[in-house]
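Me: I have just opened this one and would like to talk it through. Could you help me find my way around?

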Amino acid sequence: MSNLADPREGNQYLFMGNEAIARGALEAGIGVAAGYPGTPSSEIVESLARVASDRNIYVEWSVNEKVAMEVAAAASFAGLRSICTMKQNGLNVASDFLLHLVGSGIRGGMLIIACEDPGGLSSQNEGDSRFFARMLEIPMVEPAYFQEAKDLTKWALELSEELKTPVILRSVTRLSHASGNVRLGPLPPPPTKARFEHRGPLLDFMTGPMITGAVVYAHSLVQGKAAKAAERFESAPFNTYQGPEKPELLIITSSSCYLYSREAIRVLEVEDRVGILKLGTTWPLPQKLVKKHLRSTDKVLVVEEVLSFLEDQVKVLAAEVPDEIGIKKFFGKKSGSIPSTNEQNPENVIGALKSILGIEYTAMTPEYSALAEAHVAASSPHRELTFCAGCPHRASFWSIHNALELDGRDGFVCGDVGCYTMAILPTGFGTLKTCHSMGSGTGIASGFGKLGQFGMDQKAVAVCGDSTFFHAVMPALVNAVHHKSDIILVVLDNGGTAMTGFQPHPGLHIGALGSGAQNIDIAKICEAIGAEVEIRDPFDLAATQETLLDMMRRGRGAKVLILRQACALSPEKKRAKLFEMAVDESLCLGEQCGCNRLCTRIFRCPGLLWNSERRKAKLDEVICTGCGVCSQICPAGAISATKKNRQA
Amino acid sequence: MKNGTLSKDPYNIIITGVGGQGNVTASRMLGSMLVRKGYFVTIGETFGASQRGGSVTSGMRVSSSSIWSPQIPQGHADLVVALEPIEAIKVLSKYGNKDAKVICNTRPIYSVGVISGEQKYPAVDEIKKAIDELSLLNIFVNATERALEMGNPILAGVILLGAVDGTGVLPISRECFREVASETLSGEALEVNLRAYELGQTLAREHMGA
């Protein structure tokens, strides 16, 4: 049995932050969890799906974040507790619904879990969604470590139900994807009953319709709930202070920045000079508590990521009550003490403390540092991102790139978010030229396709993944077809949401809970929309390239090419080679090859190496997945692919 | 040092490698072993895009008193476990110090720059010399080759975990590994993992004795 649903209170496990959040949701007795995959949020729904039948909960990977939030809201309207999960970009997608949901309020406790990625470790932005809490006036909590992630999830769901407002729980990569000790609390009996009461009076949000009319009245209720939340936050156990009674410097912080601050204080040994006020509830600010601590010192350092959110609120508060707390000197983003881009770390806080307190400290002796740097410079090749060995995207972009070159009109590819984003790099032959939000490659290509009247004849090709197709591409394709825009959409269908760990999507027979989902055929949808559709295997380079070139050369209008081949990391493929690959050294021309090592210099699959001693290509038997594609690109026919019997 | 105490608190371990080598799994197994022994463990991991051929590093803090930052302060690594030799040097350049200990797999994973001939991958002897100069103890283990002999390259991570045990720097044991491994494995898969662990113990002990 999974440790996540262990009913034995007091047992202690190593949980990832996301597992701790999932456990907190179970301890709060949720009935429904919905989300859309996105690093670093995905493991919450995945973990809950594994224990769903034990705990009688419904779990789904929704088509996108907005629908995930709607699914979770329905559960809340029917009296169940629910969560929805997403990465920071997802909260933007869902925010249209959230704006309305705040107005109608909710019934069963409902937690919106936004897992953010300061520094963009696995993202194309480092959006700070804490501002949604302030803009929409809903309470927000931010756990700092693993035990708190569990406890605060449960507490926030209870608060949400009590105040009848959705609550945001904000996590970051260094919590969601870090792991640490979690001591289990009790599990309640699984929920069994859902019912939506809707026959009550029009403005009775507990028994009447859930609507967002009566705007001003509803807005006043929202502000009343926020005021109550602020009161509750004053005594919340997640707001703690550590340090001397009268610190020389007070750090105000939240989230993982609390741990960086503690670390900096330990490393610099300034425990008797610096105090930390850690806030687990960050909107609305618990003003009395903050004022009390502001009174204890003259200097305040705010440590947070990414933007100045807490800092602004604390400064506004200080400006309102100078006679109560005195005049403060503030350090943070505005003073330049803490960077206002990228994630934080112990070094940033150490740097701020050194300069504010006037301390000398270097992490390494200059001798060690110089020696290490010399060794890195001499020996350490940079690891550029690459498609995995056997990745269908490498083959797809090989063909797209070649077809665009043969077409000869300086065409280009518009893309979006997924592994295939890496086609901006040499691993995808630098083919991708625009990259923005989910599905935006198709919308942008739709726009490019209408610029013919301005003399633009470059061919615009859009790419999207299969999961992205359902998430946000369909409306853009409708737009392109309706407006007869001259585009080719290439759907890179690798059979799952590969980038984030292979979650299912509506194109598959399986859902978060396993088999039994209704699959929806991408080709049929595209045909129904009115696009010409072709399906190819990207591992068949010649057929793919020929089809693409034909599509480019034929008349105007939107066309769709579905390139279908499972991800090299997919469970069905893992460690099962399609072909046994071999290099015939007697045929390999090495540098004498007309293309000067086309295979290792340009195609650059990690499974195929350049043996610089023998001056020949060489297979790496550990890394090669036996996809067979490199045998098609070798001009000398030196790479052979022998069909293997598939092994599971 | 198997009396259940730490030589330093927090004790800082970095497990590094390249996406797909299984270092995230190895760090979680080691972390679970230490939680079972009653320690507070924090592991910071970077994965996502870095699964695709990039460096993947897990930083682990072990303490008898509390959780610490998932990012280790620079210059504060006590033990570096590298599934890929070059990655050990990269980690030492940021987190190393003259007292750091290193356990390192010998098998290189070439970056695409090396594959394409744009960059050079240094000889293993040069890497070994560099690590020697940057550490107090450096155990090189041909873990991938030994794992391939056992039937699966992914066992390299378990061999290195066994080697960590063999050095005696952490209060862990084969029995503790068995308990954690049997949460997810059984039958022959569990047996082969136990054999890999034992092999790592033996290789490290031989090195320490030499």
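Me: How do strand 8 of chain A and strand 2 of chain B pair, parallel or antiparallel?
Reply: In this predicted model, strand 8 of chain A, residues 179-183, pairs with strand 2 of chain B in the antiparallel sense, over two bridges.

Me: And which residue stands opposite A:Ser179?
Reply: That is B:Ile43, which belongs to strand 2 of chain B.

Me: OK, what order do the strands of the open sheet have?
Reply: The open sheet has eight strands in the order 1(A)-8(A)-2(B)-3(B)-1(B)-4(B)-5(B)-6(B), and the pairing is mixed. Strand 1 (12-16) of chain A and strand 6 (137-141) of chain B stand at the edges with a single partner strand each, so one side of each has no neighbour in the sheet. From one strand to the next, the twist averages 20 degrees.

Me: What about strand 1 and strand 3 of chain B, over how many bridges do they pair?
Reply: Strand 1 (residues 11-18) and strand 3 (residues 55-63) of chain B pair over eight bridges in the antiparallel sense, with B:Tyr11 opposite B:Val62 of strand 3.

Me: Which strands of chain B does helix 6 touch?
Reply: Helix 6 of chain B, residues 156-167, packs on the sheet and touches strand 4 (79-82), strand 5 (101-105) and strand 6 of that chain, its direction making about 150 degrees with that of strand 5.

Me: Switching to the contact between the chains, how many residues are in contact?
Reply: There are 53 residues of chain B in contact with 53 residues of chain A. On the chain B side, the largest share, six residues, comes from strand 2 of chain B, and the residues of that side divide into 24 nonpolar, 22 polar and seven charged.

How values were computed:
Residues numbered from 1 in each chain as written. Chains lettered and ligands numbered in written order. Predicted model: local features only at pLDDT ≥ 70, side-chain atom pairs only at ≥ 80, totals over all residues. Contact = placed C-beta atoms within 7 Å. Helix = DSSP H or I, 4+ residues; strand = E, 2+ residues; numbered from the N terminus. Nonpolar A, V, L, I, M, F, W, Y, C, P; charged D, E, K, R; others polar. Pairing = 2+ DSSP bridges. Axes fitted to C-alpha atoms, helices over the stretch in contact; angles between N-to-C directions.
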